[in-house]
Amino acid sequence: MSKTNSKAVARLKRIRRIRKKISGTTERPRLRVFKSNKHIYAQIIDDSQGHTLISMSTLDKGYVAGEETAKVPAAKSIGKVLAERARAAGLNKVVFDRGGAAYHGRIKSLAEGAREGGLDF
């Protein structure tokens, strides 16, 4: 972590600040989102055990890029598929962790897709 890259330092500070307030439990795990320039990744994590319960990304074999070649529609479909997997595993409620990113664009689209899929947060 370089002191010269202030954007990276600011992002890490935001992540730490968010994680102080948000923690996933067995009853209500944490839905963590990470976005890169090309892809989006989402995990449902039980912080009490330190395990990833369910994960989904645009690189996952279960994801089929149909008509949604753009990033925002792809994020929405990732949210829907993640919610379906979570409901199949018996999870209905999660805590949303935006990962230091602003709540708009792909992050917001993934959250809306997860809500449409049946997750409550």
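**Strand pairing and helix packing**

In strand 2, Ile44 is the residue opposite Leu31.

This is a predicted model, in which local features need pLDDT of at least 70, side-chain atom pairs count only at pLDDT 80 or more, and totals for chains, interfaces and linings use all residues. Residues are numbered from 1 along each chain as its sequence is written, and side-chain values use heavy atoms, with hydrogens and water left out.

User: How many bridges join strand 1 to strand 2?

Analyst: Strands are DSSP runs of E with at least two residues, and helices are runs of H or I with at least four, numbered from the N terminus. Two strands pair if DSSP finds at least two bridges between them. Strand 1 and strand 2 run antiparallel, and the bridges joining them number six.

User: Which residue in strand 3 is the bridge partner of Asp46?

Analyst: Strand 2 also pairs with strand 3 (residues 51-57), in the antiparallel sense over six bridges. The bridge partner of Asp46 is His51.

User: Which elements do the buried residues of helix 3 pack against?

Analyst: Buried means under 20% relative accessible area, with exposed over 50% and partly exposed in between (1.4 Å probe, protein chains only). In helix 3 (residues 106-116), the buried residues include Ile107, Leu110 and Ala114. With contact taken as heavy atoms within 4.5 Å, the buried residues of helix 3 pack against strand 1 (30-35), strand 2 (40-46), helix 2 (71-88) and strand 4 (95-97).
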